[in-house]
Structure formats: C-alpha cells, structure tokens
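Ready for a few exercises with the model open beside you? Try each task yourself before you read the worked solution.

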Amino acid sequence: MSEPPLSVLIAEDQSLIRNALKELLSGYPGLEVVGTAGTIEEAVSVGSAVRPHVALVDLQMPPRPSSGVEVVAALRRRSPATRCLILSAFREPHALRAALAAGACGYLVKDTSPTELVAAIRQVATGEPVIDDKLAARIALAAPCPLTPQEVAVLRHARDFLTVADIARTMRLSTGTVRNYLTRAIRKTGARNRHEAVRMAASHDWL
C-alpha cells in the first residue's frame, strides 16, 4: 500500500504567488495542497480545520509585520502535529529567531528553487529543521543577541523613527512598557540613547 500524500497548507497574502505555489506543489507526486489562505485569520482557521502535515507560511501578511510568526504560534497550539515552514522575501536574522521561537521547523527565502522548496517541505514533514544556508551563516557569525524579542521589536520600530506613543499603539502596549523596553535595550547594548542602540543592534544583525 502506498503512503498517503503529504498535505500542505499555503498561507500567502498575494493571490498570484499563492496560486502559483498551489499549482507548483500540486504537480509533485506525494504532495497534496489541502488549503490556501490569504490572511492571518484565514490561515489559522483553515489550518486548524484541515490540520495539514506542513503549513507553508509567508512571513509578511497584512496588517502586521512578521505576522507569519503569529500564524506559526497559533497553529502550534491548535494543530500540534502540523510542521510550519516560513517563506520570506528577506534573509532577516531576527525573523528567523522569532519564527523558531514560535515553533517553526524551517525558514526559506523566496528565491529558493522549486526543487529545493519541495525537498524542504518533505524534510520539515519529518520534523527535521530546514534553514536558508546564507541566513544560517549570518546567524552563526553574529554575536549572541542579549535582547529579548520584545526589546528587538521596540528597537525595530524605533529604527523607523516612530515616537514612543506610536510604538505603543503599534505594539498594543502602554507607553510606560515601551519606555522600559527601550531603557533595557539601551543598557544591554551599551548605547547612550535609543538611536545609538538601534545602530548598534543593526550592526550586529540583531534586528
């Protein structure tokens, strides 16, 4: 008796890419696309319903940056057997760290070849991690990050020249909490102010 196909969920907000991925993966033996989603909420809802072997999740899904990490965390709670593989347009060390912390089994960049993508899906389905080679090298060469994910997120927003009030509103935190995160980030980086902390964190690939 032949093995049942690996079921795959595609979570990608751009319909052109989503449909292209569906057509691509459906052409490979042993893979079956059992659902697609274009939003965070839809990805979590469909994933919880169909419980695929692998969820292929775009890192950036509106309305929030790095929202693919939210999808991963939610699916890990609702469908623990589902393995999540992040797809991103960029090689971002902070995003890889966040994805792995949320429970992702892999992180690939969108310039990955179809053959490499299919191989990664099959590998992730067995529980083996898959990480983009160039990104893994950047992580290996980077100094250990002393910042918490929350402190990194606050510095990333500060890099965009947002005010404390803007950061608090974006992250749904109080202004006091944001100030505390900034103060700790400044202290941990040895910076004199938040702008210098942003520059130092960016130079170490922590952002």
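**Exercise 1. A loop residue**

Between which two helices does the loop with Arg-172 lie?

Solution. First, some ground rules: this is a predicted model, in which local features need pLDDT of at least 70 and side-chain atom pairs count only at pLDDT 80 or more, while totals for chains, interfaces and linings use all residues. Residues are numbered from 1 along each chain as its sequence is written, and side-chain values use heavy atoms, with hydrogens and water left out.

Step 1: the loop holding Arg-172 runs between helix H8 (164–171) and helix H9 (175–189). Helices (H or I, at least four residues) and strands (E, at least two) are DSSP runs, numbered from the N terminus.

Step 2: look at the backbone. Arg-172 is not a glycine, yet its phi is positive, about 60°. Most residues other than glycine have a negative phi.

Step 3: check the surface. Arg-172 has a relative accessible area of 68% and is therefore exposed. Here buried means under 20% relative accessible area, exposed over 50%, and partly exposed in between (1.4 Å probe, protein chains only).

**Exercise 2. Another positive phi**

Find the loop that holds Arg-51 and describe the residue.

Solution. Step 1: Arg-51 sits in the loop between helix H2 (40–50) and strand S3 (54–58). Step 2: its phi is positive as well, about 45°, although Arg-51 is not a glycine. Step 3: Arg-51 counts as partly exposed because its relative accessibility is 48%.

**Exercise 3. The sheet**

In what order do the strands of the six-stranded open sheet run?

Solution. Step 1: the order is S2-S1-S3-S4-S5-S6, with parallel pairing. Two strands pair if DSSP finds at least two bridges between them.

Step 2: find the edges. Strand S2 (31–37) and strand S6 (130–131) each pair on one side only.

Step 3: follow S3 to its partners. S1 and S3 pair in the parallel sense over four bridges, with Leu-56 of S3 as the bridge partner of Ile-10. S3 and S4 pair in the parallel sense over five bridges, and Val-54 has Arg-83 in S4 as its bridge partner.

Step 4: is S3 enclosed or open? Five of its five residues are buried, so S3 is largely enclosed by the rest of the structure. Val-54, Leu-56 and Asp-58 point one way, Ala-55 and Val-57 the other. In a regular strand the side chains alternate between the two faces of the sheet.

**Exercise 4. The core**

Which residues touch the most other members of the largest nonpolar core?

Solution. Step 1: they are Val-71, Ile-86 and Tyr-107, in a core of 22 residues. A nonpolar core is a set of buried Ala, Val, Leu, Ile, Met, Phe, Trp, Tyr and Cys residues joined through side-chain atoms within 4.5 Å.

Step 2: zoom in on Ile-86. Leaving aside neighbours within four places in sequence, its contacts (heavy atoms within 4.5 Å) include Val-57, Val-72, Ala-99 and Tyr-107.

**Exercise 5. Two helices**

At what angle do the axes of helix H1 (residues 15–26) and helix H5 (residues 114–125) cross?

Solution. Step 1: the axes come within 11 Å and cross at roughly 75°. Axes are lines fitted to C-alpha atoms, for helices over the stretch in contact, and angles run from 0 to 180 degrees between N-to-C directions.

Step 2: H1 and H5 are therefore roughly perpendicular, a term for angles of 65 to 115 degrees.

Step 3: the contact is made by Leu-21, Leu-24 and Leu-25 of H1 with Pro-114, Leu-117, Val-118 and Ile-121 of H5.

Methods: Angles under 35 degrees count as roughly parallel, over 145 as roughly antiparallel, 65 to 115 as roughly perpendicular and the rest as oblique.
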